[in-house]
Amino acid sequence: MKFLVRKKFYIAMAFSAALLAGCALTKPTDPYASVPRLQGSPMDHQMAQKPEARKQSIPIPDHLTIAQAIQIALANNPEIAATQWDVATAEHRHQIVQAGRWPNLSVEGGLQHFLDDQRLIPTRYNGEPGIFDRDIYRGDLVLKLPLFTGGRITSEVHAAELLRLAEKRRLARTRDELVFNVSSTCYAMLSQREVIRSLEFSTATMEEHRKQVSELLTAQKVAQVDLLRTEVRLADLRQSLVREQSVLAVQSRLLANLIGLDGDADRISIEGTLLVEPDLDWTAEDSMPTALRLRNDYLAAQARLEAQARRVDAARAGHWPTLSLLAGYGVRAAGSGESEDVGAVGLGVSVPLFEGWRATEQVSQERAALEAARERLRKLELQIRREVETAVLDIQSGAQRIDATRRAIEQAKESLRIERM
């Protein structure tokens with residue numbers, strides 16, 4: 001009889017293990033499910049739909065000012081939304097690491113069936129009669145509090161704080177880049193519209209000129225080659241007009257991508273005027289300290305470098321012992337129904353003696369990552385210097401082009417006055 005009971009018990013245990021082994025979620029996470037906007041964003045309660053059915057989330061008028069385009073882009077650009085989720089990820093990572101400072105309280109339980117009778121709890125005094133059974137049930141409330149970890153938890157918390165700051169800096173940099181890209185695209189569209197207007201005027205003027213040359217050819221006052229020359233120039237103007245209109249269409253598509261427009265980009269029209277800023281007397285050496293102080297990507301790289309240094313410290317803590325406060329209280333019950341309560345409190349020490357040089361290799365790994373972060377920071381500083389020098393040279397050359405164009409316009413006006421006279 002006992003053999004049959006044991007056999008049924010073992011069969012039940014094997015069946016449970018086979019049923020629960022490799023157990024997965026009944027409803028896996030859908031990667032294309034609707035995602036709510038983060039709190040604090042301009043689109044808090046709007047949803048991003050699946051790519052194949054995604055619709056415009058906010059209304060976009062056909063005629064936009066530059067300020068409206070920037071505002072819509074900040075609210076609707078997918079890269080901004082993704083970076084905001086990266087910031088949220090860093091926030092949660094920081095909370096997870098901070099949780100290592102708190103006590104760990106858990107409930108543990110189990111059932112064990114032995115081949116021979118086992119004592120329910122250890123003896124408390126000599127000659128104490130005990131409770132014996134083959135089926136032992138246990139339930140415990142376990143408390144574990146880290147007291148000393150060699151600075152690992154503190155270093156991990158500092159690293160998480162710096163990484164969270166780095167993500168916020170990256171978000172600010174992404175916003176700055178988006179504002180710059182939207183503004184430059186809008187101004188490029190405004191200037192491209194003026195180029196198209198000038199080509200349309202030139203084409204209309206050349207068509208009128210062709211008509212006049214054709215009439216003169218009929219009156220035999222010009223040669224056939226003059227009419228052909230005029231037609232060639234008219235064809236060049238028409239081809240240039242088509243090319244510049246294509247450039248404007250590409251710019252409209254780029255602006256639509258920046259502001260997160262999924263529909264037709266041809267309907268977007270930018271309203272505004274081209275403003276000529278006064279000449280700025282800037283030098284690269286004067287602008288470089290300001291750029292390093294205000295560039296959020298450089299500040300983010302600095303935060304990542306400091307966070308990596310803290311990760312090195314956390315890895316070094318793997319060589320130190322760990323001291324923890326351990327406490328537990330629970331109940332032991334026999335299959336016959338009798339039970340006893342048990343409890344204990346004490347200190348636990350874990351001293352790493354040999355782990356296959358895992359801690360040493362982890363320190364070396366984090367130090368290598370630290371050196372890589374230092375080199376990337378230096379590379380970014382060189383890149384910022386190049387961008388500052390390029391921007392200063394562009395400002396200087398742009399001012400000279402504006403002055404040359406202004407003089408060319410004055411000359412063209414004078415030539416037109418003379419031709420009319």
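Select helix 4, residues 152-218, in this predicted model. Helix 4 contains 67 residues and spans 96 Å from first to last C-alpha, close to the expected 99 Å at 1.5 Å a residue; the expected span is 1.5 Å times one less than the number of residues. Helices here are DSSP runs of H or I with at least four residues, strands are E runs of at least two, and both are numbered from the N terminus.

Two conventions apply throughout. Residues are numbered from 1 along each chain as its sequence is written, and side-chain values use heavy atoms, with hydrogens and water left out. Because the model is predicted, local features need pLDDT of at least 70 and side-chain atom pairs count only at pLDDT 80 or more, whereas totals for chains, interfaces and linings use all residues.

Axes are lines fitted to C-alpha atoms, for helices over the stretch in contact, with angles from 0 to 180 degrees between N-to-C directions. The crossing of helix 2 with helix 4 is right-handed, a term used when the near helix is turned clockwise from the far one by less than a right angle. Display side chains for Ile66, Ala69, Ile70, Ala73 and Leu74 on helix 2, and for Arg175, Leu178, Val179, Val182, Ser183, Cys186, Tyr187 and Leu190 on helix 4; these residues make the contact (heavy atoms within 4.5 Å). They comprise 11 nonpolar, 1 polar and 1 charged residue. In this classification Ala, Val, Leu, Ile, Met, Phe, Trp, Tyr, Cys and Pro are nonpolar, Asp, Glu, Lys and Arg are charged, and the others, Gly among them, are polar.

Turn then to the sheet. In what order do the 4 strands of the open sheet lie? The order is 4-5-7-8, with antiparallel pairing; two strands pair if DSSP finds at least two bridges between them. Strand 4 and strand 8 (339-350) are the edge strands, each pairing on one side only. Neighbouring strands are turned by 20° against each other on average, direction ignored.

Cross the sheet from strand 4:

- Strand 4 (residues 104-119) and strand 5 (residues 132-148) are antiparallel over 12 bridges; glycine 110 is opposite arginine 138 in strand 5.
- Strand 5 is joined to strand 7 (residues 322-334) by 12 bridges, also antiparallel. Isoleucine 136 faces alanine 334 in strand 7, and aspartate 140 has glycine 330 as its bridge partner there.
- Strand 7 and strand 8 are antiparallel and share 12 bridges. Threonine 322 is partnered by serine 350, leucine 325 by leucine 347, and glycine 328 by alanine 344.

Select the turn of the hairpin formed by strand 7 and strand 8: 4 residues lie between these strands, and glycine 337 in the turn has a positive phi of about 105°.

Finally, colour by pLDDT, the predictor's confidence in each residue from 0 to 100. The protein's mean is 83, and 84% of its residues reach 70 or more. Confidence is highest in helix 7 (residues 296-316), at a mean of 94, and lowest in strand 2 (residues 47-48), at 36. Where pLDDT is low, the predicted coordinates should not be read in detail.
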